[in-house]
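Hello,

I am passing this structure on to you, with the sequence alongside.

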Amino acid sequence: MTARGTADRIAEAALSILLAEGAQAVTMRRVAAAAEVTTMASYRHFPNREALLRKVVDTAVAEVVATWGRRRPNRTFQQRVDGLLADFLDFALGKPHLYTFVITEPREGVRRFPADFRSGESPTFAPAFEAVAQGIRDGVLRPGDPLEVTLAITTPVMGLVQLYHGGRIALSPKEFRALCRRTIERVLDGVRT
């Protein structure tokens, strides 16, 4: 097996553990066993657990967000928001451990508000930021800082997801999605022209 093949197996094993059990379950020893390599072989490809997780998560998130906001061509602002909300909830509800690691767990090298978000470096924030900036330019939304308007629109849903993941919201996934849509609409009512 080539070095690239081994690194890929290690990364796939790490992702599998992360998705199933969360980041705390990802250890170099456990990943090596799942990839059927020695622990030392893992360290030849990834210097430490943090480097492995960073690589795995960056790749996984890039795949998840590659199609965000692209559900329909020639869409209105509202259709764009609806599509982005659906994409975000597919991610948050479909891959809860990855979502938690990406969005809420402290770790080195995370993107930080405001500079990284304004420059488009946050792959999970950038599609919403672009939609809001376009909405402001098109006059659909009141003038304002697109970064702060996007934050105002997105954080209520992120808070709801945290409550849902924590078992504090007793709704079916379909009912929860409807709650999120109503919440976004209430926020948008405050920023529409």
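**Salt bridges**

Glutamate 21 counts as partly exposed, at 34% relative accessibility. Please keep in mind from here on that the model is a predicted one. The partner of glutamate 21 in a salt bridge is arginine 30, and the closest N and O atoms of the pair are 2.4 Å apart. Arginine 30 is partly exposed too, with a relative accessible area of 35%.

Arginine 192 takes part in a salt bridge with glutamate 185, at 3.1 Å from N to O. The side chain of arginine 192 also meets that of aspartate 189 in a salt bridge, where the N to O distance is 3.0 Å. Through these shared partners, Glu185, Asp189 and Arg192 are joined into one network. How exposed are its members? Arginine 192 is partly exposed, at 23% relative accessibility, and glutamate 185 is partly exposed with a relative accessible area of 23%. Aspartate 189, at 54%, counts as exposed because its value is over 50%. The structure has 6 salt bridges by the rule used here, and those described above are among them.

**The largest pocket**

The volume of the largest pocket is about 810 Å³. Its lining is made up of 36 residues, and those closest to the centre are Ile103, Ser122, Thr124, Phe125 and Met158. Which class of residue makes up how much of the lining? There are 24 nonpolar residues in it, with 6 polar and 6 charged ones besides.

At least two residues come from each of α4 (49-65), α5 (77-94), α6 (96-103), α8 (126-137) and α9 (146-165). Of the lining, 7 residues belong to α9, which is the largest share.

**Leucine 89**

Leucine 89 is a residue of helix α5. Is leucine 89 buried or exposed? At 1% relative accessibility it is buried, because that value is under 20%. Which residues does leucine 89 touch, once its neighbours within four places in sequence are set aside? Its contacts are then Gly94, Val157, Val161, Phe176, Arg177 and Cys180. Methionine 158 is 69 residues away from leucine 89 along the chain, and the C-alpha atoms of the two are separated by 9.4 Å.

**The chain as a whole**

The protein chain contains 10 helices and 0 strands. Taken along the principal axes, the C-alpha atoms fill a box of roughly 60 × 35 × 30 Å.

The protein chain has 193 residues, and 40% of them count as buried. Its accessible surface is about 10700 Å², with 54% of that belonging to carbon and sulfur atoms. How many of the contacts between residues at least 6 apart in sequence join residues at least 24 apart? In the protein chain, 59% of them do.

Regards

How values were computed
Residues are numbered from 1 along each chain as its sequence is written. This is a predicted model: local features need pLDDT of at least 70, side-chain atom pairs count only at pLDDT 80 or more; totals for chains, interfaces and linings use all residues. Side-chain values use heavy atoms; hydrogens and water are left out. A salt bridge is a side-chain nitrogen of Lys or Arg within 4 Å of a carboxyl oxygen of Asp or Glu. Buried means under 20% relative accessible area, exposed over 50%, partly exposed in between (1.4 Å probe, protein chains only). On a 1 Å grid over the protein atoms alone, a cavity is a set of points where a 1.4 Å probe fits but cannot get out, and a pocket is an open set with protein on both sides within 12 Å along at least five of seven lines; lining residues have an atom within 4 Å of a point. Grid points are joined across faces, edges and corners, and a volume is the space filled by probe spheres set on the points. Helices (H or I, at least four residues) and strands (E, at least two) are DSSP runs, numbered from the N terminus. Ala, Val, Leu, Ile, Met, Phe, Trp, Tyr, Cys and Pro count as nonpolar, Asp, Glu, Lys and Arg as charged, and the others, Gly among them, as polar. Contact means heavy atoms within 4.5 Å. Accessible areas come from the Shrake-Rupley method with a 1.4 Å probe; for residues, only the protein chains shown count as cover.
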